[in-house]
Structure formats: structure tokens, C-alpha cells
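Here's a quick walk through one protein model, taken a topic at a time. Keep the viewer open and follow along.

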Amino acid sequence: MRIAVLTGDLIRSTDLPVAAQTRAFDALEHAARDVAAWQDTPTRFSRSRGDGWQVYLATPHRALRAALYFRAALTATEKGIETRIAIADGEGSAHPPEDLNTATGPAYTASGRALDALGGQATLIHTRGGALGAAVRLADHISRDWTQAQARAMRPMLAPDPPTRAEVGKRLNITRQAVDQALAAAGFAALNDALTLIEALD
């Protein structure tokens, strides 16, 4: 079956206190459990190389949505915590090992190599390149500017079946108008349209 693999690491992790790194990985693991609800099979999340992490997805058409969800989860957790993410897809097992550090296959290899090669201003990439790669690059540019308030509003709205904005406001203890303002500033409308188009074509 076709799968997707997201490989990431924390940006400037050596500058982060140990407690902040712990909070970051707690946020990523929690986000992985949320993303698991989007697919019919459990996702996998593993920490690697100290500040690195990797996620298996059985729904490759939602890989960009998942990547943005992980970014929102981190940004919402604490200011200054950022991650780079490389996305790859390909044929793989529907039942990967619990520890992805022992997983093998083209998607795992391509994702890891893409992260190692990631340079310049880019912090989010898809190995397929082309139009999808361009969309991912633009999503990267938009999402890197999210504030904590914007990320907190974006996170629930990135789910394939999101709550209403009024429900998001209730969860966050803010008004519906504040949710609208945060989503507008975060570029939600354009990102949501792009995700819908990408997922329909994949």
C-alpha cells in the first residue's frame, strides 16, 4: 500500500532547555494521536537522534495537512519551538513496527534524506516536487509566521472534519470573533482551499 512518512527535527534544539524539549515532544506525540483519528489504522510516532522524530501515515493524501497540524501543535505549545519536516510517500507496509527507527522502505529513506538535505529558508518540503512541492513551500512560508494564538485556532480547524468556529472559541475560552481574526491572520482560508484541492487530486 502507499504510505507517507514525515521526518522532522527541532530547530535550534541546543538552545532549548530540556523542559522545553520535553514539552515539544509531548505536543508532537499528542498531535500524532489526533492524526491517528483521521485514518483507519493507527499512526506511528517515534523519537530519533535526540531532537528528531518520525511519523508513519496510512493516508498519504493528507500528509501536508498532518505536517501543518504538527507545526500548529508545536507553535501553540510554546513560543520559540519550531520544527523542520520532510514528507515522502511510496509503497510501504500497512503494519510498521512500533519503533520507526527500525522501519525500512523507500518512503522512510527518502524522507530522512530530504530532511538531511534541507537547507536555506525552507523548513517544510515534499520529495515529490512539482506543483505539490510548490504548494508545500508556500504553506511552509505561511505557517512559519503563525503566532501562538493563531496556531491554537488553526490546530482544530486543520482536522479533516473540523469543529465550528464557535466550538473552537469555547475550547480556547475566546470569542468567535477572536477565532475569526486569528484564522484570517493565519491564512486559514487559502490553506484550507489548497489542502482540499490537493487531497481531491491525490
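Which residues lie nearest the centre of the largest cavity?

## The cavity

They are P60, L64, H126, L132 and I198, and the lining of the largest cavity has 10 residues in total. Keep in mind that this is a predicted model.

As for volume, the largest cavity holds about 40 Å³ of space. The structure has one cavity of 30 Å³ or more. In general, empty space shows up when a probe the size of a water molecule is rolled over the atoms.

## The sheet

Now for the strands. Five of them make an open sheet, and if you step across it the order reads β2-β3-β1-β4-β5, with mixed pairing. The edges belong to β2 (44-48) and β5 (124-126), each of which pairs on one side only. Direction ignored, neighbouring strands in this sheet are turned by 15° against each other on average.

Take the β4 and β5 pair as a close-up: the two run in the parallel sense and share three bridges. Within this part of the sheet, I85 stands opposite L124 in β5. Pairing of this kind, whether parallel or antiparallel, goes through backbone hydrogen bonds.

## A helix across the strands

Which strands does helix α2 lie across? Residues 63-77 make up this helix, and it lies across β1 (2-10), β3 (52-57), β4 and β5. Relative to β4, α2 runs at about 155°.

## Loops and backbone angles

For R12, phi is near 55°; for N173, phi is near 60°. R12 sits in the loop between β1 and α1 (18-36), while N173 belongs to the loop between α6 (165-172) and α7 (176-185).

Is N173 buried or exposed? N173 has 72% relative accessibility, so it counts as exposed. R12 is at 48%, and therefore counts as partly exposed.

One more loop residue is G105, found between β4 (83-91) and α3 (106-117). G105 counts as partly exposed because its relative accessibility is 23%. How far apart are G105 and R12 in space? Their C-alpha atoms are 29 Å apart, with a separation of 93 residues in sequence.

Terms used. Residues numbered from 1 in each chain as written. Predicted model: local features only at pLDDT ≥ 70, side-chain atom pairs only at ≥ 80, totals over all residues. Heavy atoms only, no water. Helix = DSSP H or I, 4+ residues; strand = E, 2+ residues; numbered from the N terminus. Buried < 20%, exposed > 50% of the residue type's maximum accessible area, 1.4 Å probe, protein only. 1 Å grid on protein atoms, 1.4 Å probe; cavity = no way out; pocket = protein on both sides within 12 Å on 5 of 7 lines; lining within 4 Å. Points joined across faces, edges and corners; volume = space filled by probe spheres on them. Pairing = 2+ DSSP bridges. Axes fitted to C-alpha atoms, helices over the stretch in contact; angles between N-to-C directions. Contact = heavy atoms within 4.5 Å.
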